[in-house]
Amino acid sequence: MVLDSDIIIAGGSFSGLLCAKELSSKGLQTKVLEEHSKIGYPDKCSGVVSLASLNHLGLFPFKKFLQNRFSKIMLHSPNDSRIVINLNDPNILIIDRCNLDNYLAEEAIKSGAELKLSKYVDGILQDFSSVKVKIRDGEIFRSKYLIDARGVASFPNKKLLLKGIQARGFYKGYESDCIHVFLDEKFAPGFFSWIIPINEYICKVGLATKTYPIECFKTFLDKVKIKQFFNLNPAPIIVNGPIEHFINNKVLYVGDSAGQTKPTTGGGIYFGGAASILASRALLHNFDENNSLISKYERAWFKTFKREIEYMKLARSYYEKMKNNDIEHLFNLIKKTYSDEITFEIDYDFHISSLIKSIGIKSILSITKTIFDESITSSLKNILKL
Ligand SMILES: Cc1cc2nc3c(=O)[nH]c(=O)nc-3n(C[C@H](O)[C@H](O)[C@H](O)COP(=O)(O)OP(=O)(O)OC[C@H]3O[C@@H](n4cnc5c(N)ncnc54)[C@H](O)[C@@H]3O)c2cc1C
C-alpha cells in the first residue's frame, strides 16, 4: 500500500507542531492536518511557562513570541487581601501563543514537514500496517502512524472540562511587574481568575469556571475595573489529569487530547510539550530500529509527571471545598505565619511537590487542620502515608 507520509499529525497547534518540528528535523516524512485556515487562532491561551521548561522542550524565548517575564505572583483574596509570592526563578515567561505556534510551523516546514490547512479530520481507521485518515471533504491520507493532537476535540471526558474565557484588556491600578491571581468563588468557583500584564496598559484577563463563564467574566471585569477589552475567546480547560493510555496501536495521543495538563492551573504547554518530545523520540526509534517499543513514550511521561499530577489533583480537590471565608482565613494564616511577602523556592512546573519540600508536610497539615474538619485532615494523612 502506498503511504502519503511516515507520520500524520491531526491538529496543528502547539503539541502537534512541536511533534512536526521534531520528526521532520530527523528526516521523517510528516504531514500536519489542521482544521483552521490559519495557525494560532483562536488565541485562547495565556502562554505562561517557565524558561526552564521551554528550554527543556528545545525552545528559546525569541523576541518573536516573548511578551513579558516575571518573578512574582500576587494572590488576591475575595476581600482583596494580598500576598506576594517571590519565586526564586525570575523567568516565568509570558508567551504569545499565536506567534509561538507560527514559529513552530515555520521550523517544521523548513525541515520538510507538510502543513495542510482547512483539513478537518473526520475519521481515523487503523489496520495492521497503516492508519487511514478521512478528511471532511472526502480526501483520504495514509501513514504508518498518526499523532492525535486535536486538543479537547478528542479528549474523552468532556463533562469534566472547565469553561475558560480570556480577553486582552486595558487595566489600571494593578502592578505591572507581577501576575495577579484572584481567588474568589463568586467569579471562579473551584478555580481562579487572572490579570497577566503584557505591558503597562494591556493585560490578558480571564478565568475558568464550572458555571456561566460570560456572567462570571463580566462580574470579574467590574471588580477589577477593566472597562475595555478585545479578542474575547472562550475555550475549555482540562484539570482532571491525563487519560489512562496514550497509545492505541498506531495512534499516539499528545497534549490536551491526552489530558496532559496541570490539574491545579490547567497549564498544558510543558506537560503536553514534554509528551510531544517523548512521543516523537519513541517514533524515531521505531523507524530507526524497526519496531522498537513506542510504549516507551507513555512510560517515560508517567515516570516524570505521575506523582506531581496526583499531588495537584489532591490540592485541587481541597481547594474546590473552600468557600470564600475559608480562603480569607487561609490568607490571614499565611500572613500571620510568614508575612505579606513570601519568598519560596518553588519549581513552577512541579509546584506542589516543591511547596511540600519548601514549607514541610507538618506546616501543610497544621494549615489544613484549621480550615477543614478532622475527617479531611486524616484522609490527607492517609494519602501522604503519614
Ligand atoms: C483560557 C486558557 C488559558 C490557558 N493558559 C495557559 C497557560 O498560561 N500556560 C499553559 O501552559 N497552558 C495554558 N492553557 C492550556 C494550553 O492552552 C493547552 O494545554 C495547549 O494549548 C494544548 O495544546 P494542544 O496542541 O495539545 O491543543 P490545542 O491547542 O487545543 O490544539 C488543537 C488543534 O487541533 C485542531 N483540531 C481540532 N479538531 C480537529 C480536527 N477534527 N481536524 C483537524 N484539526 C483539528 C484545532 O484547531 C487546534 O489547532 C490555557 C488554556 C486556556 C483555555
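**Group meeting: a walk through the model**

Pro42 sits in the loop between strand S2 (30-33) and S3. Strands and helices here are DSSP runs, numbered from the N terminus; a helix is H or I with at least four residues, a strand is E with at least two. The peptide bond from Tyr41 into Pro42 is cis, with omega near -10°.

Some ground rules. The model is predicted, so local features need pLDDT of at least 70 and side-chain atom pairs count only at pLDDT 80 or more, while totals for chains, interfaces and linings use all residues. Numbering starts from 1 along each chain as its sequence is written.

Now the sheets. Strands of a sheet pair through backbone hydrogen bonds, either parallel or antiparallel. Here, two strands count as paired if DSSP finds at least two bridges between them.

Three strands make an open sheet, ordered S3-S7-S4, with antiparallel pairing. Strands S3 (48-50) and S4 (66-70) are at the edges; each has a single partner strand, so one side of each is left without a neighbour in the sheet. From one strand to the next, the twist averages 30°. That angle uses axes, which are lines fitted to C-alpha atoms, for helices over the stretch in contact; angles run from 0 to 180 degrees between N-to-C directions. S4 and strand S7 (residues 92-95) run antiparallel, joined by four bridges. Look at Arg69: it stands opposite Leu93 in S7.

Next, an eight-strand sheet. It is open, with mixed pairing, in the order S16-S12-S15-S14-S13-S5-S6-S19. Which strands are at its edges? Strand S16 (229-237) and strand S19 (341-344), each pairing on one side only. Here the twist averages 20° from one strand to the next. Strands S5 (residues 72-76) and S13 (residues 179-182) pair in the parallel sense, over four bridges. Leu75 has Val181 in S13 as its bridge partner.

Helix H4 (residues 213-223) lies across strands S12 (162-170), S14 (193-197), S15 (202-209) and S16. H4 runs at about 135° to S15.

Asp80 is in the loop between S5 and strand S6 (82-87). Its phi is near 60°, a positive value in a residue other than glycine. Is Asp80 buried or exposed? Exposed: 11 other C-beta atoms lie within 10 Å. The cut-offs are 20 or more other C-beta atoms within 10 Å for buried, 12 or fewer for exposed, and partly exposed in between, with C-beta atoms placed from the backbone.

Asn249 is in the loop between strand S17 (247-248) and strand S18 (251-253). Phi of Asn249 is near 60°, again positive in a residue other than glycine. Asn249 counts as exposed, with 12 C-beta neighbours inside 10 Å.

Conventions:
Contact = placed C-beta atoms within 7 Å.
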